[in-house]
Amino acid sequence: MRTVLVTGPGGAGRTTLAAATALAAARDGARTLLISADPIPGFPAATAPAPVTEGLWSVRLDSGAHFRGELITLQEQLSGVLELLGGNPLDAEELTELPGSAELALLHALRRAAHGDWSHEAYDLLVVDLPPLREALALLALPEQLRRYLRRLLPQERQAARALRPMLAQLAGVPMPAQWLYEAAARRDAELGQVQALIEDRATTLWLVAEPGPAAEDALRTARTGLALYGLRTEALVANRVLPGHSSDPFFAALAAQQEKTLGHWGEEGPAPVRVAHLGRDPQGPGDLLALAGPDGTLTVPATGGEGGRAEDPWWIEEAGAPGEPEGDGILVWCLRLPGAVKKDLQLVRRGGELLLTVGPFHRIVPLEPALRRCTVTGAALTDGVLRVRFTPDPALWPRTS
């Protein structure tokens with residue numbers, strides 16, 4: 001199954017173009033499922049796959065219902081402990097969703113779509129309407145981060161032996177919920193692993209939707225750094241609401257000239273953006289959405305994944321003495337390409353076997369290779385858009401030679 005993740009700066013029309021892409025794919029014969037949290041004119045509001053047209057189904061996310069269901073389930077699992085502590089259970093009607101519940105609901109929907117839980121239907125294409133760009137990048141990094149938290153807080157190899165649990169319960173004075181807790185953590189890790197595998201799959205691609213202009217240009221420049229940090233590659237940049245190039249009205253002529261200037265910059269920094277013309281009105285239904293997609297296949301999804309998804313880690317290791325590095329004896333250089341990054345926004349911390357990287361609003365924890373764990377950090381530099389961290393072997397950790 002091909003997956004297209006659609007995002008872009010807020011207000012750029014990403015939901016509209018996600019729906020147009022799904023409709024065009026269904027028109028071309030691909031069995032397509034669209035997932036979105038936003039209402040789309042002419043599409044059902046069902047929270048399970050519902051037919052839109054021939055070959056197209058859609059799902060409308062309800063983050064509030066998902067939050068209430070998850071919390072009630074957790075409350076039932078903790079019922080024994082809550083009764084012991086005198087807790088008063090909450091009713092579903094009094095629960096109000098908390099910040100972050102929309103992201104968790106979307107991750108849950110991705111897992112269900114990838115695992116085939118929703119329907120026996122075999123989809124050829126999954127189109128996902130993600131949140132605005134910055135939130136989307138954080139969302140795509142979330143499965144990896146949550147799995148790391150679970151492994152740190154509840155490492156499976158540190159489970160107490162069954163024979164010791166009664167004794168530990170007596171010492172603590174309360175029942176020990178260790179077994180179900182570890183089993184729940186293992187289930188969550190497996191579910192998050194399925195979502196992470198979907199995001200990193202070669203058949204998954206990322207589409208950026210933006211309306212040409214200075215604000216979008218700044219947003220995409222910042223996002224380019226975040227994409228590099230998380231190892232995500234963009235398959236298509238879709239320029240939405242492009243105005244006609246010639247107009248007798250000076251106001252519209254100036255706007256069109258500004259758009260052309262922005263499109264020229266985008267073309268210099270990467271592949272030429274896909275242009276979607278302005279309809280002159282807000283799309284009102286499937287007919288208008290198909291008009292946006294164009295009869296010539298403007299928003300056609302390739303049958304196979306291009307350079308999207310995240311197939312491999314974006315960093316690499318060089319030996320000192322490589323181009324741009326001074327000669328060194330045994331020194332290794334950890335490299336990460338960060339286009340658009342500036343030194344003042346970059347923070348780097350070594351903690352044990354991990355590197356904690358912060359670039360502007362983006363943050364990622366990177367596990368180090370075994371060889372680098374036996375080294376100390378002796379320097380770092382950001383040159384020509386590439387972060388280089390120097391590792392020098394630690395004599396106390398490297399085996400001595402004869």
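Biologist: What share of the 402 residues in the chain is buried?
Modeller: Keep in mind that we're looking at a predicted model. A residue goes into the buried group if its relative accessible area is under 20%. Out of the 402 residues in this chain, the buried part comes to 41%.

Biologist: And how many helices and strands does the chain have?
Modeller: Helices and strands are listed separately here. The tally for the chain is eleven helices and 15 strands.

Biologist: Take the contacts with a separation of 6 or more: what percentage joins residues 24 or more positions apart?
Modeller: Contact here means heavy atoms within 4.5 Å. Among the contacts with a separation of 6 or more, the share from residues 24 or more positions apart is 69%.

Biologist: Which hand does the crossing of α8 and α9 have?
Modeller: Here you look at which way the near helix is turned from the far one, and clockwise means right-handed. The crossing of α8 and α9 is right-handed.

Biologist: What kinds of residues make up the contact of α8 with α9?
Modeller: On the α8 side you'll find Pro 214, Ala 216, Glu 217, Leu 220 and Arg 224, and they meet Gln 258, Thr 262, His 265, Trp 266 and Glu 269 in α9. Sorted by type, the residues of this contact are four nonpolar, three polar and three charged.

Biologist: Now phi. What is its value at Arg 241, and is that residue buried or partly exposed?
Modeller: Most residues other than glycine have a negative phi. Arg 241, in strand β7 (residues 234-242), has a positive phi near 60°. Its relative accessibility is 26%, so Arg 241 counts as partly exposed.

Biologist: How about Asp 384: buried or exposed?
Modeller: Asp 384 sits in the loop between β14 (375-383) and β15 (386-393), and its phi is positive too, near 55°. Exposed means over 50% relative accessible area. Asp 384 has 76%, so it is exposed.

Biologist: Last one: how many disulfides are there?
Modeller: A disulfide is a covalent bond between the sulfur atoms of two cysteines. To count, a pair of cysteine sulfur atoms must lie within 2.5 Å. Cys 335 is buried at 0% relative accessible area, and Cys 375 is buried at 3%. The disulfide count comes to zero.

Conventions:
Residues numbered from 1 in each chain as written. Predicted model: local features only at pLDDT ≥ 70, side-chain atom pairs only at ≥ 80, totals over all residues. Heavy atoms only, no water. Buried < 20%, exposed > 50% of the residue type's maximum accessible area, 1.4 Å probe, protein only. Helix = DSSP H or I, 4+ residues; strand = E, 2+ residues; numbered from the N terminus. Nonpolar A, V, L, I, M, F, W, Y, C, P; charged D, E, K, R; others polar.
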